[in-house]
Amino acid sequence: MIDQDFTDSLLEKFSSVSLRHHDDCLTLDCEPNAIVEFLSHLRDEETFDLLVDLTGIDHGQKAEVRYTVVIHLYSRIHRNYLRVHSPAVNNESPEFPSVESVFPAANWHEREAFDMFGITFSGHPNLKRILMWDEYPYFPLRKDFPLAGIDVPLPAEDVVEVTDASVEPAPMMGGPFVSSGDGMMSDSEPRAKDESWTEQAEKPV
Amino acid sequence: MSLNEVAYNGKVEGDVIVTKADAVINWIRKHSVWPMPMGLACCAIELMAAAASRYDISRFGMEVMRFSPRQSDCMIVAGTVTYKMAEVVRRIYDQMGDPKWVVAMGACASTGGMYRSYAVMQGVDTIVPVDVYVSGCPPRPEALLDAMIKLQDKISDESSVSNLKRSPETAMVN
Ligand code: SF4
């Protein structure tokens, strides 16, 4: 049972863990240097032995702590989830201890968080990009990265030589494309909200 | 009867067929298109449907899907081409023997589709010359069949003798 007693005993055992506001499953804040120990405890003593998700959050350039790592665990005994938030140290080049040693499933999740947010997971056995190609210079899910993308060369030189292709920004051209949702189907098909600008004719300021 | 067709009248010619080399070559090519299924996303499911019994692409002589580029001559790009995958698509295209054709199946392969983002190539024609575009997200199997028949028409109009080898550079359409 995940009840007040359960929460209290957890908080009592770990001074670096605190309760966080939550509307669904039990959510806790944890200091990054205690995360490995805390997760091991949850896995071995509290039956939270399934890592459901591990990802990052970028709170924006102005935030005091810019990057947070969020971990979802599931217990098949409690039949419930548990969420752990933990801040990444250093806003410029965020760092976080890898939990791969506790949950091997975290391996690819951490690679993805590294790929998208640039959070370095120290102690990870194979920390390289998983979605974008290795030489990609940016971290696309950071708040300062434009949705359309940034001009960079294509990763294969020989292909570039023949085709002259490159990674080009693709602005939404008045998107996002939404349906008005009523009327005849032909009229309510998804359309750009603002069609006054395109790739050729720039968006009026 | 047009010059581009194979004409044979047994009463007049006996065992001899008089025609143009182009017509014969194109006729042979067009009736044995071996597609290379470049299935990259959801459109590939519809490509499979086109090959299965209900729509049966073999009615039109192009059912021999080969997963080796060396054995195929028509690449059907069915799906979202990411920038990371673009290199692979081009390399596989390069490995196909001449003559070769490309069908861009669906909105994604044709234009990037709904993915206007940092990760998706806005149309596979950026890296390979596309012969036929198919609209739809995904296109119905009939639409793909229609595209393949259009491709056959296109093949039958090619000057195959003077253009025995289509070099990728001159064949680039964009
Ligand atoms: S065009 Fe539509 S169905 Fe086809 S790959 Fe793109 S998103 Fe999927």
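The side chains of A:Asp158 and B:Arg91 meet in a salt bridge, N to O at 2.5 Å, where a salt bridge is a side-chain nitrogen of Lys or Arg within 4 Å of a carboxyl oxygen of Asp or Glu. Chains A and B share 1 salt bridge. This is a predicted model, so to speak of a local feature takes a pLDDT of at least 70 and to count a side-chain atom pair takes 80 or more, while totals for chains, interfaces and linings use all residues. Residues are numbered from 1 along each chain as its sequence is written, chains are lettered from A and ligands numbered from 1 in the order in which they are written, and side-chain values use heavy atoms, with hydrogens and water left out.

As for the rest of the interface, chain A puts 28 residues into the contact and chain B 13, contact being heavy atoms within 4.5 Å. About 1700 Å² is buried between the two chains, 65% of it on carbon and sulfur atoms; buried area here is the accessible area (1.4 Å probe) that two parts lose on being put together, summed over both.

Over all chains, the salt bridge count comes to 14. A:Lys13 pairs with A:Glu46, with the closest N and O atoms 3.9 Å apart. That pair links distant parts of the chain, 33 residues apart: A:Lys13 sits in helix H1 (residues 4–13) of chain A, and A:Glu46 in the loop between helix H2 (35–44) and E3 of chain A. Helices (H or I, at least four residues) and strands (E, at least two) are DSSP runs, numbered from the N terminus. A:Lys13 is exposed at 51% relative accessible area, whereas A:Glu46 is buried at 12%; buried means under 20%, exposed over 50%, and partly exposed in between (1.4 Å probe, protein chains only). In chain B, B:Lys150 and B:Asp146 form a salt bridge at 3.2 Å, N to O. These two are 4 residues apart in helix H6 (residues 141–156) of chain B, which means about one helical turn separates them.

Back in chain A, strand E4 (residues 67–75) is mostly covered, with 8 of its 9 residues buried. E4(A) pairs in the antiparallel sense with strand E3 (residues 50–58) over 8 bridges, and also with strand E5 (residues 80–87), again antiparallel over 8 bridges; strands pair if DSSP finds at least two bridges between them. A:Leu54 has A:Ile71 of E4(A) as its bridge partner, and A:Leu73 has A:Leu82 of E5(A).
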